Amino acid sequence: MTAGQRETVVLDLTHAGIPIAKEMVRLGHNVRAIDVYDTLDNATISDLQQIFPVLSSNETFELKPAETIVSPVHLNPEYHVLKSAKEKGNTVITHHTMVGKLILESGRLSGSKVIELTGTKAKTSTASILADILSRSMDVVLHTSRGLEHWKDGVATIIHKGLSIAPGSILSAIGKIEEENIRPEVFIFETSIGGTGCADIGVITSLEQDYGIANNTALASDAKLQMLDNAKDGSLAVINLSAEKALQRAAEKDLKVITFSDGNRSSDVNKTTADVDFEICGNRVVISTKDRTIEAIMEDGFDLSAYRTALSAATAISLAMGIEDKHIIDTFRKFRGLTGRMVRGELEGRILIDNSNSGMDIRSVKRALDYASGISSDTNDGKLVVVLGEEAEQVCEGLPPEDVSDFLLKNGRSLDRVALVGNRMRDIKYDDAYYAGSFEDGLSAALQYTSIGDIIILCVKCFR
């Protein structure tokens, strides 16, 4: 941006707008910021006021002619500052776009390969499996909803937890890595609803199960296409073959593309045309390209089918980077699933099917039930109890109570008891349900309802 374009208003300090505003000030921008949701406490506001002016959402605000508006993609377009910008012709760009500009302008990631992932499903799993693969020959930093991790030789060290995957959190992650004096060869960033344009490889894991954003005036899938719209020159796009909208946009922009199939024949009509093809044969995965086949025998203890997208996407990225097959195979053979993502465990003699994570939706609840039902038929005729709901409704659009009610109507006969988690679930009328305020409370109730050998399914939408 030129000097004449450095008058800026940053909207929404709740969803990682603070690191964006701070970095803009550091690079010489004249910034005003608005706490759109009025969520900041007085101490935080006081500290920020030392760096840039902070206004509350209801303060009188007059937009200057030269100011650029930096807004998250999910903000209601009827918000008064956005309406004013549209009326006056001020430039509006997304948080994603600004983060990419700031990173490229500062050069803070120069010298490292940058991989950025977005999508509806499998972002965290793909990024985590990829970090494991790459770390067997490289030094890797991974930022996902699971935390900020440093990977070496297939082993992760937690650097920090608590950062979101909003685009502005990328700047916070970079800062924490610099504080640790870590200089990785590869950065991997999971990014919510889009891409920033700082990546050498931009990945779209999926676009299925679309939903409305910005007060239902836009689709999340269109916002995720920022991964392609913001792509820098010479970068590579790795795209799920089923994401037809993304493939079309990539073609329009003449981007270099590698496609992968996740083995879902119902959605991948042209499955055989993928650059990287994926199949599950029992406990064996087979990944094929035009010039090679990679096979690995997987361990038990998790629902392998739930990881088909992640395994295929991680392989496609790895092959594009020239990673040796043996590193992919070693990672696959030792993979045990990720906490809260269709993993089988045990607690006090009960079998746990743990599917509680920030990206959980009602379809994955049904998959967890199917997985548990299969285990039940193979082992005994014990009880089947589900802990279902949300710990915070703002987590990735929450888990709609109407979806939960419909699930129980269709599948309740398979369950011996239900613990519903979250305030919004209290409106669901279900016979003999226990209403819990938290994940821990729901799990505690499930333990009381069950005995040794029974199965507990954990499906609570939450950050872990």
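Modeller: In this predicted model, the buried residues of helix H11 are His-327, Ile-328, Ile-329, Thr-331 and Phe-332. These buried residues pack against several elements, namely helix H5, strand E17 (284-288), strand E18 (293-297) and helix H10 (308-320). The surroundings of H11 therefore include both helices and strands.

Two packed helices are described by the angle between their axes and the distance between the axes. For H5 (residues 123-135) and H11 (residues 325-334), the angle is about 125° and the axes lie 8 Å apart.

At the level of residues, H5 contributes Ile-129, Asp-132 and Ile-133 to the contact, while H11 contributes His-327, Ile-328, Thr-331 and Phe-332. Sorted by class, the residues of this contact are four nonpolar, two polar and one charged. His-327, Ile-328, Thr-331 and Phe-332, which meet H5, are also listed among the buried residues of H11.

Helix H4 (residues 95-106) packs with helix H6 (residues 169-179) at an angle of about 30°, and their axes are 9 Å apart. Angles under 35 degrees count as roughly parallel, and H4 and H6 are therefore roughly parallel to each other. In this pair, Val-99, Leu-102 and Ile-103 of H4 meet Ile-170, Leu-171 and Ile-174 of H6. The contact of H4 with H6 comprises six nonpolar residues, with no polar and no charged ones, whereas the contact of H5 with H11 includes two polar residues and one charged residue.

As for the whole protein, it has 14 helices and 24 strands. Buried residues account for 55% of its 464 residues. Among contacts between residues at least 6 apart in sequence, 63% join residues at least 24 apart. The C-alpha trace spans about 70 × 55 × 40 Å along its principal axes. A compact globule of 464 residues would have a radius of gyration near 23 Å, and the protein has 23 Å, so the two agree.

Technical notes: Residues numbered from 1 in each chain as written. Predicted model: local features only at pLDDT ≥ 70, side-chain atom pairs only at ≥ 80, totals over all residues. Heavy atoms only, no water. Axes fitted to C-alpha atoms, helices over the stretch in contact; angles between N-to-C directions. Helix = DSSP H or I, 4+ residues; strand = E, 2+ residues; numbered from the N terminus. Contact = heavy atoms within 4.5 Å. Nonpolar A, V, L, I, M, F, W, Y, C, P; charged D, E, K, R; others polar. Rg over C-alpha atoms; globule rule 2.2 N^0.38 Å. Buried < 20%, exposed > 50% of the residue type's maximum accessible area, 1.4 Å probe, protein only. Parallel < 35°, antiparallel > 145°, perpendicular 65-115°, else oblique.
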